Each structure stands twice: as C-alpha cells, then as structure tokens.
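These are my notebook entries on a structure that I looked up. I began with the terms and then turned to the residues.

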Amino acid sequence: MERVISGIRPTGNLHLGNYFGAVKSFVKMQDEYDCMFFIADWHSLTTHPTPENIRNSVKTILSEYLACGIDPEKAPIYVQSDVKQVLELYLYLNMNAYLGELERVTSFKEKVRKQPDNVNAGLLTYPCLMAADILMHKADKVPVGKDQEQNMEMARLFARRFNRIYGVEYFREPASFHFADKAVKVPGLDGTGKMGKSEGNCLYLCDDEKTVTKKIMRAVTDQGPTQLNQEKPEVIQNLFTLCELLSGKEAADYYNDLYNNMQIRYGDMKKQMAADANTLLAPIRERILAYSSDDALLEKVMRQGAEKAAARAEKTIEEVREIIGFRKI
C-alpha cells in the first residue's frame with residue numbers, strides 16, 4: 001500500500017483553506033493509503049511563538065483534525081517534535097542543500113518581503129525540514145496545496161541528491177497528490193491572494209454562525225459588471241471560486257450567468273454562500289468543542305501516534321547513518 005504523509009503548522013485554528021486544500025483530502029485518503037498526519041510544531045518556530053501558543057495550538061489542531069473525520073486508528077496523528085529522528089535527517093539534508101537554491105524558493109522570498117526583521121535560518125531551510133518530514137517515512141505521495149509545489153520539488157531534489165552522493169537508491173521521490181485535477185487554492189475573503197492566517201482573510205472552522213455570516217457578507221466585491229460577458233477582475237473571480245467551493249458548481253454557474261447578463265447581486269450570492277458555509281461548518285464546530293474538552297483522549301492520540309511514527313523514523317535513521325558512514329548507536 002502506498003504511503004502518504006502530510007502535516008499542518010500549529011499557528012492557530014484551521015481555516016477553509018486548510019480544509020479544502022488538505023484536511024478534506026486526508027479524510028478520503030485514510031481508507032485508501034497507509035497514511036500518517038502530523039502537527040508541524042517545529043515549523044511554527046520561524047514565527048517565534050510563545051510556549052503557551054505552541055501547546056494550545058497543537059491541542060487545537062488535533063481537535064480539529066479529529067472533528068473533520070481523521071480516524072487515528074486508520075491514520076496515526078503525531079506531533080512533529082515528538083519524533084526526534086526528524087531533526088537528525090534535517091541536519092543531513094541541510095549539509096547537502098545550497099544557499100543559492102534555498103534563497104530562490106518563492107515562499108522564502110515572500111517571507112523576506114513581509115517580515116524583513118525576522119529572516120531567520122529556519123525560514124531559509126524550511127524546505128529541508130519539510131523534506132525530512134516526508135523522506136523520513138519514505139512517503140510515495142504528499143497531499144499539498146498549490147503554494148507548496150515548489151517545496152515538493154525541493155524534497156524530490158534532496159532525495160535524488162542524497163542517492164547520487166552516496167551511490168544508493170534509498171530515498172524515493174515523493175509525488176504531490178491532489179484528489180482534484182489540480183491543487184486547490186482557496187482565495188481569501190479580501191479578494192486577493194490565498195486564504196491565510198497572517199493575511200487576516202480567513203473563515204475558520206470554529207467560527208460561529210454569526211461570525212461566518214458576517215465575514216462572508218463583508219467579502220470584497222466591486223460595483224458589478226458594466227457590459228455583457230465582461231471579464232471578471234481578480235477580486236470577483238476569487239469570490240466565484242469560493243462560491244463554487246462552498247455552494248457547488250451549479251450555484252456558481254447560476255451566479256455566473258447573472259454576472260454575464262449584468263444582473264448579479266453580490267448580496268444574494270453571499271447570503272447563499274454564508275448559508276452553505278454554516279451547513280458545512282456546524283457539525284464540525286460541534287465536534288471541535290467536544291474533542292477539545294477531552295484532554296485524556298487527545299493525549300492518548302498523540303502518544304500512540306508518536307510511538308508509531310518514531311518506530312518507522314528510527315528504522316530510517318539507522319539506515320541513513322549506515323549509508324553516510326556513522327556508527328550505529
């Protein structure tokens with residue numbers, strides 16, 4: 001059975017971008033693949049969170065994973081920092097990564113632009129840590145969003161480079177995986193870019209009904225088309241993309257016809273989107289509250305997930321150490 005690995009950074013609550021871009025696929029994949037999912041708390045250190053934020057965010061993400069339908073009996077869930085072997089592989093991959101190629105990574109350049117006062121080494125070597133997470137488990141497939149495609153290319157590059165340097169065929173090259181024809185990019189409610197926590201344009205899975213409705217009704221639009229079959233500006237195309245995700249293609253096509261005939265009323269469109277969003281999120285929200293209050297269950301899930309992940313990771317590290325030339329411990 002093919003192996004699948006993927007994770008999400010614990011930097012706050014999951015939002016619709018996480019759900020449609022990753023977690024929804026996780027739930028489908030757990031019945032078809034040998035899956036492991038993790039909470040990438042080491043990755044979150046690039047933003048210098050407090051200890052309280054890390055602990056609370058891990059608990060939050062785990063509750064939301066479970067609420068969305070991930071079954072830890074089918075697909076173990078572990079916390080990245082509970083599997084220490086990942087750091088050792090991260091070190092080895094760093095030694096074979098080059099400054100120029102890391103500086104050319106688009107996500108790194110964006111972070112440099114957005115946070116020039118916090119350009120740390122962790123940001124630069126983010127692709128190496130991501131690759132370690134993936135290669136450690138010899139994953140065949142990794143469900144990723146469009147924004148992570150370049151990091152996946154780096155993971156494949158590091159796998160090939162390790163094999164070439166040491167004259168082995170050890171690491172397999174992991175493939176990006178999408179259930180749809182292409183990666184899902186969920187636009188933000190501000191009409192530009194993608195939905196993201198730092199951009200403040202998210203609809204969170206835990207948002208209550210009133211908040212969901214308010215956020216969607218405030219989604220950015222324009223004054224409407226001024227001619228028949230007018231090409232949509234980015235802000236409107238993003239709204240239609242979100243509409244199709246929340247309300248389905250039939251609804252999006254209906255409003256698209258109204259737009260092409262200059263009869264669109266964005267308020268009506270947003271009301272349907274808000275109603276459908278609340279229909280989707282209400283049961284998830286209820287389960288999040290139940291799981292987040294059960295500390296014993298969350299601790300059990302993390303402990304069992306760590307044991308399974310560490311066992312597989314230890315085997316990999318022992319083999320890697322032997323390939324490189326280090327003695328067994």
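**Entry 1: terms and model.** I take contact to mean heavy atoms within 4.5 Å. The model is a predicted one, in which local features need pLDDT of at least 70 and side-chain atom pairs count only at pLDDT 80 or more, while totals for chains, interfaces and linings use all residues. Residues are numbered from 1 along each chain as its sequence is written, and side-chain values use heavy atoms, with hydrogens and water left out.

**Entry 2: cores.** I looked up Val23 and its contacts. Apart from residues up to four places away in sequence, Val23 touches Ile8, Leu14, Asn18, Tyr65, Cys68 and Ile70. I call a residue buried under 20% relative accessible area, exposed over 50% and partly exposed in between (1.4 Å probe, protein chains only). A nonpolar core is a set of buried Ala, Val, Leu, Ile, Met, Phe, Trp, Tyr and Cys residues joined through side-chain atoms within 4.5 Å. The largest such core has 60 residues, and Val23, Tyr65 and Leu205 have the most contacts inside it. I also noted a second, separate core of 42 residues, which includes Met36, Trp42, Tyr78 and Ala313.

**Entry 3: strands.** I use helices (H or I, at least four residues) and strands (E, at least two) as DSSP runs, numbered from the N terminus. Two strands pair if DSSP finds at least two bridges between them. Strand β1 (residues 3–8) runs parallel to β2, and six bridges join them. In this pair, Ile8 stands opposite Ile39 in β2. Five of the six residues of β2 are buried.

**Entry 4: Tyr259.** Is Tyr259 buried or exposed? Tyr259 counts as buried because its relative accessibility is 0%. I found Tyr259 in helix α11 (residues 249–260). Leaving aside neighbours within four places in sequence, its contacts include Pro225, Phe240 and Tyr266.

**Entry 5: positive phi.** Most residues other than glycine have a negative phi. I noted that phi of His48 is near 55°, a positive value. His48 sits in the loop between β2 (34–39) and α2 (51–68) and is exposed, with a relative accessible area of 54%. Phi of Asn229 is likewise near 55°. Asn229 belongs to the loop between α9 (209–217) and α10 (234–247), and it counts as exposed at 58%.

**Entry 6: charged side chains.** A salt bridge is a side-chain nitrogen of Lys or Arg within 4 Å of a carboxyl oxygen of Asp or Glu. How many salt bridges does a search of the whole structure find? The search finds 16. In one of them, the closest N and O atoms of Arg321 and Glu88 are 2.7 Å apart. Arg321 is in helix α13 and Glu88 in helix α3 (residues 85–95), 233 residues apart. Arg321 is buried because its relative accessible area is 16%. In a further salt bridge, Arg161 and Glu101 have their closest N and O atoms 2.6 Å apart. Arg161 lies in helix α8 (residues 149–166) and Glu101 in helix α4 (residues 99–103), so the pair ties together parts 60 residues apart in sequence. Both Arg161 and Glu101 are buried.

**Entry 7: a buried arginine without a partner.** Lys and Arg count as positive and Asp and Glu as negative; His and the chain ends are not counted. Arg285, in helix α12 (residues 266–292), is buried yet has no salt bridge. The nearest side chain of opposite charge is Glu209, 5.1 Å away.
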